[in-house]
Amino acid sequence: MQGEMFWLCNGLFCLCAFLLGGKMAGLDIATRRGLLAASALGGLCALMNALLPSALWLLPFPLGLRLCYGRRRPGDYLRAGLMVLSAMLLTGGGMQLLRRLGTSPGAAFFLTFGGGCFLWLLMRLGTLSPGDVRQIELHWQGRSLVLPAMADSGNLLRDVVTGLPVIVAPLRASCRLEPDLVDWHRAQTLPRGFRLLRVRTAAGSCLMPLFRPEGCWLYLNGRRIETRAMVAVAGPEYRGVQALIPSAAFQDLPPAEISPGLAHPT
């Protein structure tokens, strides 16, 4: 019975860590069934490690990520794995602290597990509007880039050719996607796939290199949501690090994508 309780408690800790880690990594849970299977696997590995201590019991961890978050890119798994491990250290450390303070094992477990679930609930309820977008991911010619982002109601740019909204990205970050952008304003040459967009601001007008990314995702409400948009590269005078997301980039998203929540089982 003690072994079963140990497995159950550690499985619940894993469940909490997968929820928190996915939220922090901007990944949605694939299915509730996958979440439960990954948590049960984590609890079983913790039990086996208590009986036969070995670092080999960490090997099933990637399988737990696959069960929990579904099919993802390697970079997504790496980011989620780091966040899940951080959440496990947080709950495990909280449990050890409460035990050192003289709290009984049962009370320490419920306080730690309840605190982790409450933190996940706060993170889930704390992102209810498109204005809370925090990151954007861009793909271009085999390269990918994740940028901090903010919704900018003053960004009303649209591409006259495609009609798509235009995201403004800083030059320094954009050069990681396309190194030939570094000196475009002095050399007056654009990389292949780019064209110029004339932008009018309160200070006057300017030209910005414009391209259509091969993939564009917003990290909104703890979810990675694809959107269709063009990207304009700001000049060296823009010293910010955030990409500026126009409100129009959210207009084509279904309401279910903007509202937070777990994905439905498939």
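Buried means under 20% relative accessible area, exposed over 50%, and partly exposed in between (1.4 Å probe, protein chains only). You have a predicted model open: local features need pLDDT of at least 70, side-chain atom pairs count only at pLDDT 80 or more, and totals for chains, interfaces and linings use all residues. Numbering runs from 1 along each chain as its sequence is written, and side-chain values use heavy atoms, with hydrogens and water left out.

Of its 266 residues, 42% are buried.

Next, select Ile-136, Leu-147, Ile-167, Leu-181, Phe-211, Ala-243 and Ile-245, which touch the most other members of the largest nonpolar core, a set of 27 residues. Such a core joins buried Ala, Val, Leu, Ile, Met, Phe, Trp, Tyr and Cys residues through side-chain atoms within 4.5 Å. Helix H6 (171–177) is one of its suppliers and gives the most, with 4 residues. A separate core of 26 residues includes Ala-17, Ile-29, Ala-80 and Leu-98.

Now the salt bridges (a side-chain nitrogen of Lys or Arg within 4 Å of a carboxyl oxygen of Asp or Glu); there are 3.

- Pick Arg-195 and Asp-159: N to O is 2.6 Å. Arg-195 is partly exposed at 29%, whereas Asp-159 is buried at 2%.
- Jump to Glu-137 and Arg-224, 3.0 Å apart at the closest N and O atoms. Glu-137 sits in strand S1 and Arg-224 in strand S7, so this pair ties together parts 87 residues apart in sequence.
- Finish in helix H4 (residues 74–100), where Arg-79 and Asp-76 are about one helical turn apart.

Definitions and conventions
Helix = DSSP H or I, 4+ residues; strand = E, 2+ residues; numbered from the N terminus.
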